[in-house]
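Keep the 3D view open as you read.

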Amino acid sequence: MKPFSLRLVAWEMTRQCNLKCVHCRAGASDAIDPNELTHDESIKLIEGIREQGTPILIMTGGEPLLRKDFFQLADHAIKTGLRAVLATNGALVTREIAIEIAKVGIPRASVSLDGPASKDHDAFRGVPGAFESSLNGIEMLRSAGVGVQINTTLTRRNRHQLHEMLSLAERLDAVAFHVFLLVPTGRARDMSGEEMGPEEYEQTLLEFYRIGRKTKLETKATCAPQYYRILRQQAAREGVEVSENTFGLNAHTRGCLGGLSFAFVSHVGDVQPCGYFDDKAGSIRDMDFSRIWLESELFQELRNFKMLEGKCGKCDYIRFCGGCRARAYELTGRHMAEEPYCAYQPPAFIKNWSVS
């Protein structure tokens, strides 16, 4: 695989949504944005992504199933050669829709659950009954033969429910359990007080590592680059080799993938390192996706680890972590600044600091 080859693209197909999540990155609403990509522009985007190989295309939103041409675009993406998956809140998935998802060739759908019971989940989602609707959607997807991945956004509000969320994912016969650590962008800016501090992040990710070692489900931490340092530290303490046999795909990935092997495309065609990173590398309305991926100044900077500032630039786990560039940008305005919520002190950084 060539350096910085494209492995994942998340495409925000629409910002229209049926829920009102308090932590929504997009600030989605129930209205259609008239500026969202047209059908023809969407086809052009799909073909531009295909020029960079056969990455996984995450069809997300908002709620992507609200887009009237969703199945046409999914069908085109799959026939073009992309590996399309769906990210949904699950509330709109009926038996008929689930069958259509399976029929078009989507092998996996992620459904977000942010609490183990309706009172917890519905408080995040802003709509009474959202939890039961999502559970019903999960059952429909499973019945149609679509693999279900459970996504959970962790904050101070629900971090203590991590074990319960894993147990729920296991009871739902999910194939994967992925956690996302809150990034205060979009409506989540109003939740900045619920974002965990460095020590809480460390403790939560260590606990996630421990439960991941015990479950048969695929586990992954996103927006938590420190996890890939913690995994290696704990494996070394346990005398366990970090390989695909012991840690699955986690052995081959790293923390922040933005601009390295992952890109996000907004509903209006802006190409960003990730959905939480509110700076763009370019727009597909001005330039082909493939050219943006290969040539944009922002992506070139993210690929140059020598530009990382502070302790991130001195870290002995730089290859595996990289710090969250979105958090750095949100808090400092500099996307190469050090990760603001990392508790680890690299030996080289401590030595340099003590000398200076």
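## Strand β1 and its neighbours

Strands β1 and β2 run parallel and are joined by 5 bridges. Helices (H or I, at least four residues) and strands (E, at least two) are DSSP runs, numbered from the N terminus, and two strands pair if DSSP finds at least two bridges between them. This is a predicted model, in which local features need pLDDT of at least 70 and side-chain atom pairs count only at pLDDT 80 or more, while totals for chains, interfaces and linings use all residues. Residues are numbered from 1 along each chain as its sequence is written, and side-chain values use heavy atoms, with hydrogens and water left out.

Ala10 is a handy place to look: its bridge partner in β2 is Ile58, and in β8 Ala10 stands opposite Phe264. β1 and strand β8 (residues 262–265) pair in the parallel sense over 4 bridges. Because 5 of the 5 residues of β1 are buried, β1 is largely enclosed by the rest of the structure. Here buried means under 20% relative accessible area, exposed over 50%, and partly exposed in between (1.4 Å probe, protein chains only). Leu8, Ala10 and Glu12 point one way from β1, while Val9 and Trp11 point the other way.

## The whole sheet

Stepping back, the open sheet has 10 strands with mixed pairing, in the order β7-β6-β5-β4-β3-β2-β1-β8-β9-β10. At its edges lie β7 (218–222) and β10 (282–283), each pairing on one side only. Helix α2 (residues 70–80) packs on the sheet and touches β1 (8–12), β2 (56–60) and β3 (83–88); contact means heavy atoms within 4.5 Å. The direction of α2 makes about 175° with that of β2, where axes are lines fitted to C-alpha atoms, for helices over the stretch in contact, and angles run from 0 to 180 degrees between N-to-C directions.

Strand β9 (residues 270–272) and β10 run antiparallel, joined by 2 bridges. Asp270 has Ser283 as its bridge partner in β10.

Which residues of α5 are buried? They are Ala130, Phe131, Ser134, Leu135, Gly137, Ile138, Met140 and Leu141. Their cover includes α3 (95–104), β4 (108–112), α4 (118–125), β5 (147–154) and α6 (162–171). Just after α5, Gly145 takes a positive phi of about 90°.

The largest nonpolar core has 96 residues, and Leu141 is one of those with the most contacts inside it, as are Trp11 and Phe289. Such a core is a set of buried Ala, Val, Leu, Ile, Met, Phe, Trp, Tyr and Cys residues joined through side-chain atoms within 4.5 Å. Not counting residues up to four places away in sequence, Phe289 touches residues including Val9, Val265, Val271 and Ile284.

## Aromatic pairs

Rings of Phe, Tyr and Trp (its six-membered ring) pair if their centres lie within 6.5 Å; planes under 30 degrees apart count as stacked, over 60 as edge-to-face and the rest as tilted. By this rule the count comes to 9 aromatic pairs. Trp293 and Phe299 are edge-to-face, at 5.3 Å centre to centre with 65° between the planes. Trp293 is buried, with a relative accessible area of 1%, and Phe299 is buried too, at 0%.

Tyr317 and Tyr344 also form an edge-to-face pair, 5.6 Å centre to centre and 75° between the planes. This pair links distant parts of the chain, 27 residues apart, and both tyrosines are buried. Finally, Phe177, Phe208, Tyr227 and Tyr228 form one aromatic cluster.
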